[in-house]
Amino acid sequence: MVPDPASGTIMKPTGPTRSAGAPPDAPSADATAHAALIPARWFSRFGRWLSHVGDCRVWLMYRKDLGPELLPYQARIPIEIEIAELDDADRLAALSLPHDPPQAESRARIFRDRIAAGSLCFVARVDGASVAYNWVRIGTAIGAHGVRMQFADDEIYTTDAHTERAWRGQGIHPALNHAMLAHARWLGFRTAYTLVRSDNIRSAVTMPRVGWQHAGTLLHFVPHWGKKRPIWLTRGCIHPMRADPPESRGEPSDARQPGLSEILERFGQRELISARSWSNTYRLSDGAETVWLKIVAPGQGPTLRLPGLLAREFSGQVAHVLACDSGEQGWLLMRDHAGVSVTEATQAQRRRQLTEGYAQLQARAARMPLLLAAAQPVDVMGALPRLIRFLQAAETVDPRGRVGASCFIGAAQAQRVCDLLLPRADLLQRFWAPAAELPPTLNHARLGLDNMAVRDDGSWVMTSWDGALTGPAGVSMSRVFGGTVRSLRLIGACDSHRDPADTQDAESLRLYRHNLAAGGYATEALLRRALPAAIALGPAIRLESLACRPTDDLQQVDSVRRLVGELLAQIVELADWLAQR
């Protein structure tokens, strides 16, 4: 689900919003739209004349400043908006090309490649059925006539929108467009761009009405007499749509990376280190070099894009990535980090080292929107409704195949847990709510000493970043300190009484909070108020990620069933404490 950056809720038409057809905030929006169309119409007339002697198109570039607060836009009907996953590509492609299966399959491959590369596709659903989508491209995209656009770290490009014909006129696309921009703003992006064909008069008039500014007009012309290089004529600013030469067109010609079969053939020695339903990790060696290979389950490939980005930004603290395939058969090849696992004798010392360095990493990551966009977003206020739905579902939670708790712990036990939590749902919601006040940052999904290695010189490296989350700092901390209630007691949220044996861990958590504040992530006062809520939210967020795993696979894995039971036990324990309090 896409969190509302202001309230943390799923993007539904609730709260103070501008409804479809309502007057815009800017009183001169219509005048601005028609003023922008004057040069566009002149370009269009000139383009029609040029079309007699060549191929000619006219485009309008629009820009939107994401710095100011965005007023939500409400569709005329209830909708839910989510970010598409890899297995949504076929359904979305068929949505826009229902009567052309070959073209739909080709389009689905493009969609899968986009998702694997880090682009975000926002989908509007009505009663669980997809009715519209719109794309956010990050880093780079192909603009008009195959010219590659390159964006700054705080810029995005919106493109490729489609709404089912039966659902048009309901304000779905403006609501979807707002959700995209609000999510991008939440991540730290500050400028959005989009292109509109000048003959699309309806869109050209609508864009200023919903807050977009006409930045420039572009005329593209290739004459019939054989001149290959296009001729450009521009008015205003068309950044990032530059008039590049033909050699800049198309996808970049990156150096070819080896395939999985080539890697396995080169490294003859293979040792299985860990086996999970969602991934297998191997240590490979050819006698002279040792590497680590992680192969993930189908549909989990896009989660592997993040470790490569992290390795470039946090060299030394994150394992170096040698090669990666974030497509359907996802795998990640990493250089050996030359570290050893944490021993039982040094756990307290390493826990302090881990939390201190992790806080510094999170404070930096909060200012890196490209990193945040590559991870799954956390929806604070939507966590409890989805947890209840997870417990009540007989088989699957939604049409996309997310499984219910009964697939892990049985229907009877799932119902018992649900009966325990429902009377205390309001207590949980109020306790978790302050977490939405914290800014988004990167969270390790399985943070713990088992994913930390220490080198001979005392430096450390953190592994297993696939599946990372974008949300409030702290949602992964309970695992480090032995559970939710113990973590809250250590940080001082439960009571002032503390066992002397907990002193070192309490100091580690205090340093975690201090380093977040010192790194500029949030003020000390905000962290004191909201960090306990984020820590307590962690088990519910972890459960949601487990619900996305394949049902058949999960039923065969005892360790995953035990993990689901442990996470639910932590939530019940928290609810018990809140009820007693």
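Me: Which residues have the most contacts inside the largest nonpolar core?

Reply: In this predicted model, they are Leu387 and Trp432, in a core of 135 residues. Helix H16 (residues 524-546) gives the most to this core, with 13 residues.

Me: What is leucine 387 in contact with, leaving aside its neighbours within four places in sequence?

Reply: Leu421, Trp432, Leu543, Leu568 and Ile571.

Me: Why is the pairing of glutamate 105 with arginine 109 called a salt bridge?

Reply: The closest N and O atoms are 3.5 Å apart. The cut-off is within 4 Å, so the pair qualifies. Both residues belong to helix H3 (residues 101-117), and because they are four residues apart, about one helical turn separates them.

Me: Is glutamate 105 called buried, exposed or partly exposed, and why?

Reply: Its relative accessibility is 34%. Buried means under 20% and exposed over 50%, so glutamate 105 is partly exposed. Arginine 109, at 43%, is also partly exposed.

Me: What makes arginine 112 buried?

Reply: Its relative accessibility is 11%, and the cut-off is under 20%, so arginine 112 counts as buried. Its side chain meets that of glutamate 105 in a salt bridge, at 3.3 Å from N to O.

Me: How do you know that aspartate 505 and arginine 351 link distant parts of the chain?

Reply: Aspartate 505 is in helix H15 (residues 503-518) and arginine 351 in helix H8 (residues 347-365), 154 residues apart. Their side chains form a salt bridge at 3.0 Å, N to O. Aspartate 505 is buried at 7%, and arginine 351 is buried at 12%.

How values were computed. Residues numbered from 1 in each chain as written. Predicted model: local features only at pLDDT ≥ 70, side-chain atom pairs only at ≥ 80, totals over all residues. Heavy atoms only, no water. Core = buried A, V, L, I, M, F, W, Y, C linked by side-chain atoms within 4.5 Å. Buried < 20%, exposed > 50% of the residue type's maximum accessible area, 1.4 Å probe, protein only. Helix = DSSP H or I, 4+ residues; strand = E, 2+ residues; numbered from the N terminus. Contact = heavy atoms within 4.5 Å.
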